[in-house]
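Reader: Hi! Could you walk me through this one while I look at it?
Author: Happy to, here it comes.

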Amino acid sequence: MSLAPSIVERAAAYRYYMDRAAAISPAFVSGETVASGLKVAAAYEPKQFLQGAMAYGAIVALQDPAFVAGVRQYAGNAQQRQQIAYEIMKDPAYVVGIAGADSAASLVKAALGDDGNKFYAAGKTVKQAAYDVQKQSWSKADVVGREMRLSEAKSLGARPVVGDVAQTTRLQQAVTGGQPLVISGATTGAPPYTPIVIRSMAVAALAVLGQASEANLATLEAIMVDPNAASCANMAKLNLYQCLAVSKPHYEDVFCLGQHAMMDTARCVIKASGQPEPFEPRFVPTVRENASYKPTPVKKPAAKKPAKKG
């Protein structure tokens, strides 16, 4: 059982980003601390991020003994092994029919959903800080070099993340069984599963079948695609850039960070995992919060003309 090092590295990059971004503190004391938070949260390239989520999901699926055993029953015969691998490559959903798939899917759903929910909760505290810091004079000052700040966010959003070496080693050991992962937020579930959960298990199954080496990288990358999740992540980025483009004082940057860089991105991960999306009630702001959010004016009904007397 082996997984291409470059796939493990993508999982490590995902893990590195999620751990750092979810740890952003809402205790802002200056524009510099806000800028630092933005640099951390904006630093992911959507395609690599989603591939990293699926790579991490694949490693999680490999932690399920029932699923690994279910795949291994086809691994003894070379011809049968190649046939099953071909079926998975042709249609990743084929893995759902393998013994142990339900328990593996539940693990992946739990792991990714837990990541997303922790990130979302952190984003909510940062978003709340956008209102709390308005009591502090520094937060009302305009951001210096606004165009440069936006340009840097876009640059960070197009640059691949490099994972931590220790994290990469730990995940590699989890693939081989040397150091199993501890998955929190356990959940149960049954089909249908989301594309990201299914494709994570497909990569894991190919790893068990010996078809997930660097030589199979092009095939693995073709499997690790989900247009809906990609659209969600790209929209989160677009919303962040639009928010920063019109943001002026520091507290508005805090809002952009909490809502778009963190909560929007986290919602994409939660949705991709198949766990329920968090509910946020819509409201009309009573104070100026961000220039990108303006309530739609309510038109007064036209006055009725008095009826003519016959």
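Author: A definition to start: buried means under 20% relative accessible area, exposed over 50%, and partly exposed in between (1.4 Å probe, protein chains only). This is a predicted model, where local features need pLDDT of at least 70, side-chain atom pairs count only at pLDDT 80 or more, and totals for chains, interfaces and linings use all residues. Residues are numbered from 1 along each chain as its sequence is written, and side-chain values use heavy atoms, with hydrogens and water left out.

Reader: Thanks! Is Glu 45 buried, exposed or partly exposed, and why?
Author: Glu 45 counts as partly exposed because its relative accessibility is 22%.

Reader: And where is Glu 45 found?
Author: Glu 45 sits in the loop between α2 (31-41) and α3 (46-61). Helices here are DSSP runs (H or I, at least four residues), numbered from the N terminus.

Reader: Which residues is Glu 45 in contact with, leaving aside neighbours within four places in sequence?
Author: Gly 157, Ala 158 and Arg 159, where contact means heavy atoms within 4.5 Å. The C-alpha atoms of Glu 45 and Gly 157 are separated by 4.9 Å, although the two residues are 112 apart along the chain.

Reader: What lies 2.8 Å from a polar atom of the Glu 45 side chain?
Author: The backbone nitrogen of Gln 48.

Reader: What share of the residues count as buried?
Author: 50% of the 310 residues. As for contacts with a separation of 6 or more, 86% are between residues 24 or more positions apart.

Key:
Helix = DSSP H or I, 4+ residues; strand = E, 2+ residues; numbered from the N terminus. Polar contact = N/O pair within 3.5 Å; in protein donor to acceptor, adjacent residues only side chain to side chain.
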